[in-house]
Amino acid sequence: MGGSYNFGAAKLYAGYTNDKNSCTTCTGALARVAGVSATGASHFKLMNLGVRVPVGAFTGIAQVVRVNDDTNYAVNPGDRDATWVALGAEYNFSRRTVAFASVGTIGNRNGSQYALGSGSVQQPAAFVAGNSRSTTATLGIRHNF
């Protein structure tokens, strides 16, 4: 669930997700996370808070996401909770053309592989041995036809 409220000077966004997967025969994208006990389930709770602050042609953007990993692992890997932080900005050249930039980061612990980015060919953060942090930056121009 989620929602937003426009205070005039800023627009605040908040959300909550509770994801539980106890399927023992699912494969691919529907499979439980690795290491779950035979009768356990993948269980994640995400809470997010974001804000957009327009100032003239600029809009500042910030978001914080907290993920709580309550998965029932066969062997306790330790705390896999994480916090994602992202900052960005947009500049409106016109009603239809916007330049944007952002940077975000998330730290991984105890074997978690949270990754930030976009596109359909993402690699988990642990794709490179020892990489415990996933950081991404975007820069671009969007034009609506």
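**Hairpin first.** I started at the hairpin, where 4 residues join S5 to S6. I am working on a predicted model, in which local features need pLDDT of at least 70 and side-chain atom pairs count only at pLDDT 80 or more, while totals for chains, interfaces and linings use all residues. My residue numbers run from 1 along each chain as its sequence is written, and side-chain values use heavy atoms, with hydrogens and water left out.

I looked up how S5 (residues 82-92) and S6 (residues 97-107) are paired, and found them antiparallel over 9 bridges. For the record, two strands pair if DSSP finds at least two bridges between them.

**Whole chain.** How many helices and strands are there? I counted 0 helices and 7 strands, so the term needs its rule: helices (H or I, at least four residues) and strands (E, at least two) are DSSP runs, numbered from the N terminus. Of the 145 residues, 23% are buried; buried means under 20% relative accessible area, exposed over 50%, and partly exposed in between (1.4 Å probe, protein chains only). I also checked contacts (heavy atoms within 4.5 Å): among those with a separation of 6 or more, 52% are between residues 24 or more positions apart.

**Asn68.** Is Asn68 buried or exposed? I found Asn68, which sits in S4 (residues 58-69), to be buried, because its relative accessible area is 18%. The Asn68 side chain makes a polar contact with the side chain of Arg66 at 3.4 Å. Such a contact is a pair of N or O atoms within 3.5 Å; within protein, one must be able to donate a hydrogen and the other to accept it, and residues adjacent in sequence count only if both atoms are side-chain atoms. Leaving aside neighbours within four places in sequence, I listed His43, Phe44, Lys45, Met47 and Asp81 as contacts of Asn68.

**Leu49.** My last stop was Leu49, in S3 (residues 42-55). Leu49 counts as partly exposed because its relative accessible area is 49%.
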